Every structure is written in structure tokens, then in C-alpha cells.
Amino acid sequence: MRINLSRVIHLLLMLSIISSLNAQSKLDSNEILYRPAMHFTPAKGWMNDPNGMFYKDGVYHLYFQHYPDSTVWGPMHWGHATSTDLISWKQEPIAIYPDSIGMIFSGSAVVDENNTSGFGSNGKAPIVAIFTQHNMEGEKSGKIDFQNQSIAYSNDNGYTWKMYAGNPVIHNPGIKDFRDPKVMWHEATKKWIMTLAVKNKVSFYSSSNLKEWKHESDFGINNGSHDGVWECPDLFSLKLDNRNFWVLTVSINPGGPNKGSATQYFIGEFDGHSFISGSSKTKWMDFGADNYAGVTFSNTGDQKISIGWMSNWMYAQQVPTNKWRSAMTSPRELYLFDVNGERYLGSKLFTKPEIKNIVLFNDGANKLEDITLANPFKFSLLQEGLKSFSISLSNDIGEHLDFGYDSVTNQYFIDRTNAGVHNFNSEFSEKHIAPRLFNGRNMVLGALIDKTSIELFGDIDCTIMTDIFFPTKPFTKINLQTKTDNSKMNYRITNYLMP
Ligand code: FRU
């Protein structure tokens, strides 16, 4: 038999077109199914911690740990995104690239209003970024001093950056884990204060010009959880009943309350030199598995707004998104509350997006099962008393995500064991629990759901849980299960129509 070469070539060409179309449509369906609407995700590539967040002239700037060439962690850059409302984001060109000193690890940025650094030009305040440079060659060659602190500055409000010629500004003293500087202005001592994660503690440094730093003190060897390495700290003040308190947050990996990465915090006093914790209890900002490395924006005055990385180092590099990996949490305004003399840090959903479509109030006629869900949406429930209940989001192939409250244990929960794809990591398919911290006799529970994430705000923002999940078809139904009469529960669903 004679082979017609041109027909074979034609056939092969057709096959390759069909397979690339298939791959394309798979990619697009993955995009439609998993790319959130109200949470920042990079257009492509890998993302972890939020970095250098600041607010200026009506624009919120978010930088992030970014490896643009792959969907797994690699040489870190600072990616950049901007927003005016913290709901819709515009991804900007990459802000800071690795150089001969090292990759660009996590850090912070400040608006240097008084030009203390001298980087300002034309009377305009420079933005100064302070970050860790991680030297991979150093690490590979067995050195231990491969993490040093460097700075860069911007004269156009954070869009383009220049590296400081005198980097690094803090040299490694011979400690492997020496990173993630978070800097803020301390008004009482008129100094910049840097909080740095140093292995199993934080170190405080002070500076008058952001270039020369003096070690002030250490905190934490005997405080909080030590089941993992300390990373990405933050220090800021908040008022409670007109009294000023200092809050120190520290991310820890592993060792979180529901395994893996999580963020603990301490509430106490800080005098510009050292921090003293007011409690010996270990406290967690978020009991879910997916809120890590969260820090606050600079330059937002008394208001402290935090964003975290909505993933967990246990499985972040394996989650089933094709083009990009990871989203940020919703922005949250932090506040303090008190239960029986013990002080806690609460997180309120900061975004107040325009409500386009209110679907339901429970007035006895509406039943939760009758609703068709649109994504993203917010669910709120108000119950008189404290009875157990479980809300289930589901699709028509039997996958479901359950969340609710158990009155026997007095715990909130999110159960993602049957919520879709989980075979990428054996630790993923789990039920997570969180104590009810508030002790009021009625309950208000809010949840923001955005395709692949749920953020639970128990008791008007006292107990927080953030979890991600990956259904193979969208969840289109919602169902409420209680053992008692559910007419005493008022629920409401708000659909957001995204711009
Ligand atoms: C936290 C972290 C930081 C580090 C960065 C590297 O997730 O490990 O400590 O700076 O990620 O990407």
C-alpha cells in the first residue's frame, strides 16, 4: 500500500489542532470554574504572600510573592496589583525583580511622608519598600547567612522601583530564618520600627532613615505556638474602649489550629523598644486552613486593613488550577473585642460592595432549598438562641460543602470532605473546627462564598474561618439542616453582580 504523505501530514495537523482546542477548552473551563470574582488572583503563574501593601491617593497597592513563569514556587519577584475599592483589581507590571543579592522575599512598604530616607524627588514623598533578599546560591552552598534585608524606592507612587545602592541594609547575623520585615512609623519615638521574623521569635529594629537600623529587642521565645517557623509578622495599634493596645501578629508554618499554615497574635504593649504580651493564651486570627501571611496596609490611619494569602503550604503547589495558583483573602478590617476580660482580635469584611440583588429573607414563605445560587454571594444567618445547624452548598453530582455550628461542642465548622476534587493532597479533604469565642446568647453568622472559597465570620466577626475547595461543577443549591424549627432563623442571601 502506498502511503499518501500529504494526507498523513494533513491528518496529523488536524489531530494536533483538535488536541490543542481540547486543552484550550479545558483551560477555559478550569478558569470559569475556579477563578474567583471578588478575590485577587494573578493572571498567570504562582503567587504566595501579600507584600508591601499601602494606600495612597485613593489607590490600594498590593504586591505579592510571584513567580510568573510557573504555577509552583520559584525565583520570587514582587508582582503588583492596584484597586480603588479592594474588590476589583488591576494587575500591573512586575514591580521588583531578583538581582545579584537575591530573590525578593516578603516585606512591606511605607509612604515616607517626611522624606526621612532622602529618596524623595521634586518635593514628592517617596514610597520605600523593605524586604528580604534570599540568596539561592548561598543556601545551596550550605551557608546560613543567605537572608538579608534590603530596600527599594519609588518616586511614582509605587509603579516603578529602584534598588538602593547600599543594599543590604541589615546583614544576616548567622541565622537561617531571618526575614519578612514589616515597617511602620512609631509616632511616640518618632522612629521607623521594623518587626522581623527570626526563626522562633521576632526582633524589633528602629531607624530614623530606613537605611540604618538598630536592634532594639526580641519577643516570643516563650510566647505563643512554636510548632513551626515564625514568618511574616506585623505590629500595629488598635483602640478598645478608648485604650490603646499593640497587636503583634505572627504567621507560623506548620502548627496551625487546623494543620499547616496559620497566623497567631498577641495583644499587649509596645513602647518603641520592646513588646510585652498581655496574655499567655495562644490566639489565632483565623481558624480555617487558608489564611496565611496576612499583614496590614500602610498609610490607612487608625483603620487597619489586612489581606492574607488564601492557601496553605501543605497543598498550595498542588491545587487544581491550571493557569495560576492561589488567591488572596478578602480584605478585612481588624478590631479588638473583649470576652470576660480576655482581649481578642476580630476581622470584619472590609468590602462593602454595591448590593445588586437581594434574593431572600426568611419570612416563613422562603425556604433555603429553593434558591439558585449565583457566585459570588454572601450568606447571613441570625438565630435566636444557639442551636446546632448545618448549611450545605451543593451541585447535582452529589458534591457538597457544609458549614455551621455545633451547640454540643460550641464550635463552628467547615466540612470540605465531599466538596469536590481533593486527591491532589491527602491533607486537603478535612473538616475544620473553630471555637465560638463570643458568648452572647444569640448568633449572627456571615459567610462570603466566591466559587472556590468560603470565609466565615461568626458572631459579627469574632470567630473567623477561611477555607478553599474545588467542586467539579459549581455549587448551585443551598440547604439548611436544623433539628429544630428553622423559622427562628433569619437568613439572607446577597448576590453580587461584579463589574
Ligand atoms: C511565607 C514565606 C515567607 C517568605 C516567602 C517566600 O509564606 O515563606 O517567610 O518571605 O514566603 O516566598
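A polar contact is a pair of N or O atoms within 3.5 Å. Keep in mind that this is a predicted model.

**Exercise 1. Find which residues surround the ligand, and sort them by class.**

Step 1. Start with the shell, which holds Asn48, Asp49, Gln65, Trp73, Met76, Phe105, Ser106, Arg179, Asp180, Glu231, Tyr292 and Trp313.

Step 2. Sort these residues by class: five are nonpolar, three are polar and four are charged.

Step 3. Now turn to the strands. At least two shell residues come from each of β1 (45–56), β5 (103–111) and β9 (178–186).

**Exercise 2. Check how far the side chains of Trp73, Arg179 and Asp180 are from oxygen atoms of the ligand.**

Step 1. For Arg179, a side-chain N or O atom is 2.7 Å from an oxygen atom of the ligand. With the cut-off at 3.5 Å, this pair counts as a polar contact.

Step 2. For Trp73, the distance between a side-chain N or O atom and a ligand oxygen is 3.0 Å.

Step 3. For Asp180, a polar side-chain atom is 2.6 Å from an oxygen atom of the ligand.

Step 4. Finish with the surface: the ligand taken alone exposes 320 Å², and the protein buries 95% of that.

**Exercise 3. Describe how strand β19 is covered and which strands it pairs with.**

Step 1. Strand β19 spans residues 305–309, and five of its five residues are buried.

Step 2. Look at each face in turn. Ile305, Ile307 and Trp309 are buried on one side, while Ser306 and Gly308 are buried on the other.

Step 3. Next come the partners. Strand β18 (residues 292–296) runs antiparallel to β19 and is joined to it by three bridges. Strand β21 (residues 332–339) also pairs with β19 in the antiparallel sense, over two bridges.

Step 4. Now pick out Ser306 in β19. Ser306 is the bridge partner of Thr296, and Ser306 also stands opposite Arg332 in β21.

Methods: Residues are numbered from 1 along each chain as its sequence is written. This is a predicted model: local features need pLDDT of at least 70, side-chain atom pairs count only at pLDDT 80 or more; totals for chains, interfaces and linings use all residues. Side-chain values use heavy atoms; hydrogens and water are left out. A residue is near a molecule or strand if one of its heavy atoms lies within 4 Å of it. A polar contact is a pair of N or O atoms within 3.5 Å; within protein, one must be able to donate a hydrogen and the other to accept it, and residues adjacent in sequence count only if both atoms are side-chain atoms. Accessible areas come from the Shrake-Rupley method with a 1.4 Å probe; for residues, only the protein chains shown count as cover. Helices (H or I, at least four residues) and strands (E, at least two) are DSSP runs, numbered from the N terminus. Ala, Val, Leu, Ile, Met, Phe, Trp, Tyr, Cys and Pro count as nonpolar, Asp, Glu, Lys and Arg as charged, and the others, Gly among them, as polar. Buried means under 20% relative accessible area, exposed over 50%, partly exposed in between (1.4 Å probe, protein chains only). Two strands pair if DSSP finds at least two bridges between them.
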